[in-house]
Amino acid sequence: MSEPIDPRQANFVGRRSDGSVVQRPLSPHLQAYDMMQITSLTSILHRITGGAWSVAVLFLVWWLAALASGEGAFNTAQNFFGSFLGVLVLFGITAVAWYHTLAGIRHLAWDAGKGFDLPTVFATGRMVFIGTAALTVLTWIIALVAW
Amino acid sequence: MAKNPSHSMRTPLGRVRGLGSAKSGTTHWWMMRVSSIALLPLLLWFVFSIFGLLGASYAEARAFVAAPVNAVLLLLLIGVMFHHMAHGLQEVVEDYVRAELPRLFGILLVKAACLLLALISAFSVLRVAFT
């Protein structure tokens with residue numbers, strides 16, 4: 001272990017078939033890259049938006065439970081969603097939901113075996129970001145017109 | 001089979017061959033895909049429904065949820081959404097929690113919370129629909 005540690009060999013300890021300990025290289029991991037790439041960024045964001053959407057679902061549970069429990073509770077919920085903070089939260093949920101949906105469709109295409117070559121991966125990654133921005137704005141234009 | 005698999009010369013494939021199929025091995029992965037596809041039309045319907053509910057009064061909101069088609073679609077959305085959410089969050093716990101007990105309790109907590117939230121939501125829809 002006197003040689004300098006390559007970040008790709010981050011202390012992975014394995015065993016040989018005779019049981020003796022051996023340090024084996026780990027496949028290239030996050031620390032081997034010095035910059036965020038669109039492939040890793042879309043993947044990380046897909047997980048973050050999935051978690052954020054799980055939290056956002058609590059607002060739907062609140063709204064439904066308030067509707068079932070009575071007019072007072074419902075008005076409290078409805079007033080929150082109409083407030084500045086409420087609109088801010090709903091806008092955030094809209095962006096998160098569109099991102100996770102579009103990135104999810106990208107995953108479904110991969111599951112079907114399509115779009116694995118790098119130019120397509122980069123193109124669909126950009127499409128997810130552009131689509132998220134466009135659909136979030138479009139959703140709110142329709143929402144504000146309908147309000 | 002060797003007592004200590006890590007000392008065995010047999011390949012992992014050789015050790016499991018003949019022990020039967022993995023049975024539900026791909027169920028989690030497959031159900032994530034099925035639920036995600038089901039959620040696409042359900043969420044589009046839900047978003048368009050919200051457009052009609054913005055600034056709705058108590059009576060208007062109750063009438064919307066109580067309408068048979070809306071109540072059924074809401075229950076469907078609740079079921080599929082929390083299934084997808086529980087299984088997605090389970091993957092997160094499995095990826096980041098290494099120790100056996102915290103991992104087990106993390107997964108149980110995720111499943112319990114999702115089931116509880118799903119039941120609260122479904123009960124609320126049914127209560128509005130039937131009262």
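This briefing describes two protein chains, how each is built, and where they meet.

The model is predicted, and the values below are computed from it. Chain A has four helices and two strands, whereas chain B has five helices and zero strands. When chain B and chain A are put together, they bury about 2,900 Å² between them, and the count of salt bridges between them is two.

**Chain A as a whole**

- If one takes the contacts in chain A between residues at least 6 apart in sequence, 53% of them join residues that are at least 24 apart.

**Chain B as a whole**

- From the N terminus on, the elements of chain B run α-α-α-α-α, in keeping with its count of five helices and zero strands.
- Buried residues account for 36% of the 131 residues in chain B, while the accessible surface of this chain comes to about 8,400 Å², of which 72% belongs to carbon and sulfur atoms.
- Among the contacts in chain B between residues at least 6 apart in sequence, 69% join residues at least 24 apart.

- Helix α1 of chain A covers residues 38-69; with its 32 residues it reaches 46 Å from its first C-alpha to its last, which is close to the 46 Å expected at 1.5 Å a residue.
- Just after α1(A) comes G70(A), which takes a positive phi of about 150 degrees.
- I48(A) lies in this helix, and it counts as exposed because its relative accessibility is 51%, where exposed means over 50%.
- Together with M36(A), L41(A) and I44(A), the residue I48(A) makes a nonpolar surface patch of about 330 Å².
- An α-helix has 3.6 residues a turn, so residues three or four places apart point the same way.

**The contact between the chains**

- The contact takes 38 residues from chain B and 31 residues from chain A, and 74% of the area that the two chains bury between them is on carbon and sulfur atoms.
- On the chain B side, F51(B), L54(B) and Y58(B) lose the most area to chain A, and together they make up 23% of what that side buries.

**The two salt bridges**

- Side chains of opposite charge can pair when their charged atoms come close.
- A search of the whole structure finds two salt bridges over all chains, and two is also the count between chain B and chain A.
- In one of the pairs, the side chains of R47(A) and D95(B) meet at 2.7 Å, N to O; R47(A) lies in helix α1 of chain A and D95(B) in helix α4 (residues 68-96) of chain B, so this pair joins two chains.
- R47(A) counts as partly exposed because its relative accessibility is 26%.
- Another salt bridge brings together the side chains of D111(A) and R33(B), at 2.7 Å, N to O.
- D111(A) lies in helix α3 (residues 84-111) of chain A and R33(B) in helix α2 (residues 27-53) of chain B, so that pair also joins two chains.
- Within that pair, D111(A) counts as partly exposed at 33% relative accessibility, whereas R33(B) counts as buried at 18%, since buried means under 20%.

Methods. Residues are numbered from 1 along each chain as its sequence is written. Chains are lettered from A and ligands numbered from 1 in the order in which they are written. This is a predicted model: local features need pLDDT of at least 70, side-chain atom pairs count only at pLDDT 80 or more; totals for chains, interfaces and linings use all residues. Side-chain values use heavy atoms; hydrogens and water are left out. Patches are made of residues with over 30% relative accessible area and no salt bridge: like charges are joined within 9 Å, nonpolar side chains (Val, Leu, Ile, Met, Phe, Trp, Tyr) within 5 Å. Accessible areas come from the Shrake-Rupley method with a 1.4 Å probe; for residues, only the protein chains shown count as cover. A salt bridge is a side-chain nitrogen of Lys or Arg within 4 Å of a carboxyl oxygen of Asp or Glu. Buried means under 20% relative accessible area, exposed over 50%, partly exposed in between (1.4 Å probe, protein chains only). The expected span of a helix is 1.5 Å times one less than its number of residues. Contact means heavy atoms within 4.5 Å. Buried area is the accessible area (1.4 Å probe) that two parts lose on being put together, summed over both.
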